[in-house]
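Subject: Structure for your review

Dear colleague,

Please find below the structure that I am handing over to you.

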Amino acid sequence: MTLRGGDLGGVAGPAPARRLTLPQARRMALAAQGFSRPRPEAVTARDLVRVLATVQVVQIDSVNVLTRSHYLPFYSRLGAYDPALLDRLRDRAPRRMVEYWAHEASLVPPSTWPLLDVRMRRAEDESWGGMRRVAQEHPELVSAVLAEVVARGPLTSREVERALAHDLPRERDGWGWNWSLVKNALEHLFWAGRITSAGRTSSFERRYAALERVLPRGVLQEAAAGRDRGAETALRDADHVRRLVELSARALGVGTLRCLRDYFRLTPQQVGAAVTDLVEEGALVPVTVEGWRAAAYVHRDAKVPRRVQASALLSPFDSLVWQRDRTRALFGFDFRLEIYVPAAQRVHGYYVLPFLLGDRLVARADLKADRATGRLLVRALHWEEGAATEEALAAVQRELSTLGHWLGVPDVVHEGVHPGRTAR
């Protein structure tokens, strides 16, 4: 498989000394994402924290047709665990996971939160339109919302609205982005790093709180020290971007400039300068990858295991498959989110989980948890060409059974699709 120079971003330069075959690159990427480790017999809080430290960013999404997406990356790497344990790590002190706009809305280690001030300080210029407008047009409301959260939080947006009795009644028609001014003020403050999230309610509402109620003291001290530097802002930003790019490189295993940029959603200018510095320091090593024309990079500590024996269903929002061109280049696997595609135009289904077996993505399963009847509905099961071997069939059935029991829907039902055939 040969890629065009622009497929993965970056510009092809002089050939680096180190060359990776495509299987080596796949195994390196999987190891960096935690898939070369065996699943523990019993999952502990330490295991969950280790997964987040490995991948650095776990995306949050509200779709709940199977389970909330942020639970799945931990399951894929560890197997069955108690989701309440993950909630406690996020919601109770000492918190080992905090929420911010990292890739999208995401969980990150607390130590990563201060590095994202490169995004926080640009909230008035780069956040979504409603957030920017409320900051520009209603600064008094933003101040009132901040004071309310600091005094009384954690609070949901509805609780803040009731407390302030502001912007009510209002139009409630339309889809979920029809936010009130109060909600936009809260999201502006959250984006700007002036408040944070103390967790989520059972209905997935963010609970806004003062930084001091959530973040560890050392993290607050680092953030405060950074804000006090004044004229050194540019130097601090460059250092934080370098650290974010290095974290991305560790989590990716191997990636191009575009891959390194996409992980924390940085700008081309930020990443280009950071990669140059990291290469000069020896933290990043330029490599060539079989079939890739764009320049690629690996972290100096990256490992290439001889084998990867993974078997896992992946969230459609798993960091292994975020960057679609990279997924195609590494695995020969075209993956597209079809949640927002009209039903009649979907190819593989609504909530599709790629199936990882060994070091390949071999199938995709469109799944739904029917909690009322205790059934895990397999609406469709599509195999990659030549991948539906007896070993693969048995492996996917095991994973579906384990997933169903973990979700409390142990009856796996293939809706009109034999598990050994590709749905059409």
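Which residues line the largest cavity? In this predicted model, the lining consists of Leu252, Cys259, Asp262, Tyr263, Ser319, Leu320, Trp322, Gln323, Arg326 and Thr327. The volume of the largest cavity is about 70 Å³. Helices α14 (257-263) and α16 (324-331) each contribute at least two residues to its lining, and α14 gives the most, with three. By class, five of the lining residues are nonpolar, three are polar and two are charged.

The count of cavities of 30 Å³ or more comes to two. The second largest cavity holds about 40 Å³ of space. Its lining is formed by Pro316, Phe335, Arg336, Leu337, Glu338, Ile339, Gly349, Tyr350, Tyr351 and Val352. These divide into seven nonpolar residues, one polar residue and two charged residues.

I also examined the second largest pocket, which contains about 280 Å³ of space. It is lined by 17 residues, of which Ala31, Ala32, Arg250, Asp301 and Ala302 are the closest to its centre. At least two lining residues come from each of α1 (22-32), α2 (45-55) and α13 (233-252); α13 gives the most, with four. The lining of this pocket comprises eight nonpolar, five polar and four charged residues.

Turning to helix packing, α10 (residues 181-191) packs with α8 (residues 139-152) at an angle of about 70°, and the two axes are 9 Å apart. Angles of 65 to 115 degrees count as roughly perpendicular, and α8 and α10 are therefore roughly perpendicular to each other. On the α8 side the contact is made by Leu141, Val142, Val145, Leu146 and Val149, and on the α10 side by Leu181, Val182, Ala185, Leu186, His188 and Leu189. This contact has ten nonpolar residues, one polar residue and no charged residues.

Helix α10 also packs with α7 (residues 129-137), at an angle of about 95° and with the axes 8 Å apart. The helices α7 and α10 are therefore likewise roughly perpendicular to each other. Here α7 supplies Gly130, Met131, Val134 and Ala135, while α10 supplies Leu181, Asn184, Ala185, Glu187, His188 and Trp191. By class, the contact of α7 with α10 has six nonpolar, three polar and one charged residues.

Yours sincerely

Note on methods. Residues numbered from 1 in each chain as written. Predicted model: local features only at pLDDT ≥ 70, side-chain atom pairs only at ≥ 80, totals over all residues. Heavy atoms only, no water. Axes fitted to C-alpha atoms, helices over the stretch in contact; angles between N-to-C directions. Parallel < 35°, antiparallel > 145°, perpendicular 65-115°, else oblique. Contact = heavy atoms within 4.5 Å. Nonpolar A, V, L, I, M, F, W, Y, C, P; charged D, E, K, R; others polar. 1 Å grid on protein atoms, 1.4 Å probe; cavity = no way out; pocket = protein on both sides within 12 Å on 5 of 7 lines; lining within 4 Å. Points joined across faces, edges and corners; volume = space filled by probe spheres on them.
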